[in-house]
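Subject: The structure we talked about

Hi there,

Here is the structure I promised to pass on. Please open it next to this email and follow along as you read.

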Amino acid sequence: MSEILSYEKFVENLRAYLLDALNLQEERIYFEAKDEEGMAPNGDRLFVECRVSSEGKEVCGIHTEELYEDYLDGVSVDKIGDTVTEEIKKISKAGFFEKTKNVNNYSKVKGDLFIRLLNKKKHEKALENAVYKEVDGIACVLYMKVGQRDGCISSMKIHKASLADWGMDEDEAYENALSNTYSLTPPRIYKWERLLLILLMRATTLWT
């Protein structure tokens with residue numbers, strides 16, 4: 001069994017993987033540790049400068065604490081690197097960065113707010129500055145949809161700073177997000193008899 005990487009070594013390896021996978025120069029990917037007075041008040045992040053032009057930079061912040069939890073759960077650095085690389089490429093092509101510029105303008109983003117459920121204990125660090133309500137150990141987290149591709153929704157957590165910029169009550173934002181959640185992720189109706197049959201068939205296969 002391979003040795004478990006420390007958090008610092010994990011970040012170092014992930015950064016090296018992304019530099020190679022995205023073919024970027026050293027200075028285009030840099031790490032900022034959590035600092036209430038500094039660049040990354042919302043948690044440790046690797047910043048990837050995806051595109052640089054005379055008009056400015058498009059920078060993607062990757063929350064490394066949350067990814068390290070995935071690594072400790074058994075996901076390899078290469079697998080995490082592949083996933084991050086693909087997401088960055090998708091975001092760059094789809095122009096999602098333009099949309100995130102409006103995150104502090106409630107009137108422009110209210111239609112894209114929704115609720116996502118996370119295990120509070122597992123994602124405790126990642127939730128430190130997020131907006132959420134807890135129900136029996138489950139965090140009902142406020143997210144913003146930034147795009148949709150191949151049937152998958154790309155999203156970002158809403159942080160407390162954005163809620164303050166909106167100048168509105170948290171409950172009001174949640175009420176609107178709950179309505180949007182139904183539209184974005186409508187409940188599914190399953191044919192339970194067919195589902196049970198499939199499960200029984202799989203169980204039979206495993207035991208034979």
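Below are my notes on what was found in it.

First, some ground rules. This is a predicted model, in which local features need pLDDT of at least 70 and side-chain atom pairs count only at pLDDT 80 or more, while totals for chains, interfaces and linings use all residues. Residues are numbered from 1 along each chain as its sequence is written, and side-chain values use heavy atoms, with hydrogens and water left out.

**The overall picture**

The chain has 8 helices and 7 strands; these are DSSP runs (H or I of at least four residues for helices, E of at least two for strands), numbered from the N terminus. Of its 208 residues, 37% count as buried. Here buried means under 20% relative accessible area, exposed means over 50%, and partly exposed lies in between, with a 1.4 Å probe and protein chains only. The accessible surface of the chain comes to about 13600 Å², and carbon and sulfur atoms hold 52% of that. Those areas come from the Shrake-Rupley method with a 1.4 Å probe, and for residues only the protein chains shown count as cover. Among contacts with a separation of 6 or more, 56% are between residues 24 or more positions apart; a contact means heavy atoms within 4.5 Å.

In soluble globular proteins, nonpolar side chains tend to be buried together. In this model, the largest nonpolar core has 21 residues, and Phe10, Leu18, Val48, Ile62 and Ile88 have the most contacts inside it. Such a core is a set of buried Ala, Val, Leu, Ile, Met, Phe, Trp, Tyr and Cys residues joined through side-chain atoms within 4.5 Å. Two or more residues each are given to this core by α1 (7-22), β2 (45-53), β3 (56-63), α2 (64-72) and α3 (77-94). The largest share, 7 residues, comes from α1. A second, separate core has 17 residues, including Val103, Tyr106, Val109 and Trp166.

Leaving aside neighbours within four places in sequence, Val48 is in contact with Leu22, Leu24, Arg28, Ile29, Glu58, Val59, Cys60, Ile62 and Ile88.

**Helix α2 and Tyr71**

Next, have a look at α2, which is mostly covered: 7 of its 9 residues are buried. They are Thr64, Glu65, Glu66, Leu67, Tyr68, Glu69 and Tyr71. Tyr71 has a relative accessible area of 11%. Not counting residues up to four places away in sequence, Tyr71 touches Glu3, Ile4, Leu5, Phe10, Val77 and Ile80. Tyr71 and Phe10 are 61 residues apart along the chain, and their C-alpha atoms are separated by 8.5 Å. After α2 comes Gly74, whose phi is positive, near 115 degrees.

**Salt bridges**

Side chains of opposite charge can pair when their charged atoms come close. The structure holds 7 salt bridges, each being a side-chain nitrogen of Lys or Arg within 4 Å of a carboxyl oxygen of Asp or Glu.

- Arg15 and Glu26 meet at 2.8 Å, N to O. Arg15 is in helix α1 and Glu26 in the loop between α1 and β1 (29-32), 11 residues apart. Arg15 is partly exposed, at 23% relative accessible area.
- Glu49 pairs with Arg28, their closest N and O atoms being 3.9 Å apart. Glu49 is in strand β2 and Arg28 in the loop between α1 and β1, 21 residues apart. Glu49 counts as buried at 7% relative accessibility, and Arg28 counts as buried at 18%.
- Asp73 and Lys122 meet at 3.2 Å, N to O. Asp73 is in the loop between α2 and α3, and Lys122 is in the loop between β4 (113-119) and β5 (132-135), 49 residues apart. Asp73 is exposed at 52%, whereas Lys122 is partly exposed at 39%.

There is also a network of salt bridges that links Lys133, Glu170 and Asp171.

**Cysteines**

Finally, the structure holds 0 disulfides, a disulfide being a pair of cysteine sulfur atoms within 2.5 Å. Cys60 is buried, with a relative accessible area of 13%, and Cys140 is buried at 16%.

Happy browsing, and write back with any questions!

Best wishes
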